[in-house]
Amino acid sequence: MPKEKVNRSPLFYVGDKYKLVTEIKSHFPGHIRQFVEPFVGGGSVFLNVEAQNYILNDLDPYVIALHKYLYLYVGREESFFNEIFEIIDHYGMSCSYRHDDIPQELKDTFKKTYFARYNKDGFNQLKEDFNLAHSYDIRYLYILLIYGFNRMLRFNRHGEYNLPVGNVDFNQNTYDALKNYFKEVKKKQIAWHNLDFETFFMTLNLNEDDLVYLDPPYLITFSEYNKYWNDGTEHKLLALLDRLTEGNIKFAISNVTIYKGRENRIFTEWSRNYNTHTIKSNYISYHDNTIKKFNEVLITNY
């Protein structure tokens, strides 16, 4: 039996569910009216789930702005690529999807970091221009994401993008992810939201044919988006899920219960009332860029 094709988010979130989505959605209902994600992130899950419509939210305004930006180019993909390549060329950065610009001498001298060496100056100028702009150019932000360290989004307290250049460029994988993204969202009815999860849930009108899938910040791990998460928000989210159960609304939530000797006892105790599915994980954090032994689960109320 051929392996199922999985669409990857062109936002390339570190620790996203790209490698796990087939296993995760094997636990989803066969029919979904509305697919709801309060923490959509890069979107690798919704891209691989069939539903009548999609309600997608994230607290990070830059993540939602990037999704909306890409969504605007559905049906105009050629214009998107032309604009992106024009900016890449303007800043003199490599684009291995189109051609190999890296001098062989640089490759020989810096065998593992030649992309970063070649693109550093152009990337830093792009970053400076982006940060100095009175209104951010979302096209620039997408290119910074693609060429930046670990393909992450990080801003300082002044609202300035502040990651260094990464050792990657616009390659075949980037192009394929974008083409698949455009193809998939063209078939989907999507509503985008940029709200905290409690406010987001207040906007929803759900019934028993819907599925809420949640991949919230993990309380006991260390990632950039975890800085807004604590015991209080964990308790609030879990209480909200209990209310969904009382209303016969299906949910599935991903989480990590054990990580580097730490246990999320809040989540573990709560999950005993529901169904637990162990998931083989690929979690990687920005602060610890290695795969560690830990326990990731999917909890469902159906």
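The buried residues of α9 are covered by a set of elements that includes α8 (197-202), β4 (211-214), β5 (250-259) and α10 (265-271), where contact means heavy atoms within 4.5 Å and where helices (H or I, at least four residues) and strands (E, at least two) are DSSP runs numbered from the N terminus. This is a predicted model, in which local features need pLDDT of at least 70 and side-chain atom pairs count only at pLDDT 80 or more, while totals for chains, interfaces and linings use all residues. Residues are numbered from 1 along each chain as its sequence is written, and side-chain values use heavy atoms, with hydrogens and water left out.

**Helix α9**

- The residues of α9 that are buried are Thr233, Glu234, Leu237, Leu238, Leu240, Leu241 and Leu244; buried means under 20% relative accessible area, exposed over 50%, and partly exposed in between, computed with a 1.4 Å probe on protein chains only.
- Viewed down the helix axis, the buried residues of α9 fall within an arc of 155°, so they line one face of the helix; the arc is that of the directions from the helix axis to the C-beta atoms.
- On the other side of α9, Arg243 and Glu246 are exposed.
- Helix α9 covers residues 231-246, and at 1.5 Å a residue its 16 residues should span 22 Å, which agrees with the 23 Å between its end C-alpha atoms; the expected span is 1.5 Å times one less than the number of residues.
- Just after α9, Asn248 adopts a positive phi of about 60°.

**Strand β5 and its partners**

- Strand β5 is mostly covered, with eight of its 10 residues buried.
- β4 and β5 run parallel and are joined by four bridges, and two strands are taken to pair if DSSP finds at least two bridges between them.
- Within this pairing, Val212 has Phe251 in β5 as its bridge partner.
- β5 also pairs with strand β6 (residues 262-263), in the antiparallel sense and over two bridges, and here the bridge partner of Ile258 is Glu263 in β6.
- β5 and β6 form a hairpin with two residues between them, and Lys260 in the turn has a positive phi of about 50°.

**Ser271 in α10**

- Ser271 lies in helix α10 and is buried, with a relative accessible area of 8%.
- A polar atom of the Ser271 side chain lies 2.9 Å from the backbone oxygen of Thr268.
- When residues up to four places away in sequence are not counted, Ser271 touches Thr276 and Ile299.

**Salt bridges**

- Side chains of opposite charge can pair when their charged atoms come close.
- A search of the whole structure finds 13 salt bridges, each being a side-chain nitrogen of Lys or Arg within 4 Å of a carboxyl oxygen of Asp or Glu.
- One of them joins the side chains of Glu83 and Arg139, at 3.9 Å from N to O; the pair links distant parts of the chain, 56 residues apart, with Glu83 in helix α3 (residues 77-90) and Arg139 in helix α6 (residues 138-147).
- Glu83 counts as partly exposed at 24% relative accessibility, and Arg139 is partly exposed at 26%.
- Arg139 also forms a salt bridge with Asp137, whose closest N and O atoms are 2.8 Å apart, and Asp137 is partly exposed, with a relative accessible area of 21%.
- Salt bridges that share partners join Lys17, Asp215 and Glu296 into one network.
- The side chains of Asp89 and Arg98 meet in a salt bridge at 2.5 Å, N to O, with Asp89 partly exposed at 42% and Arg98 partly exposed at 29%.

**Leu56 in β2**

- Leu56 lies in strand β2 (residues 53-57) and is buried, with a relative accessible area of 0%.
- Leaving aside neighbours within four places in sequence, Leu56 is in contact with residues including Phe35, Val40, Phe46, Ile190 and Trp192.

Technical notes. A polar contact is a pair of N or O atoms within 3.5 Å; within protein, one must be able to donate a hydrogen and the other to accept it, and residues adjacent in sequence count only if both atoms are side-chain atoms.
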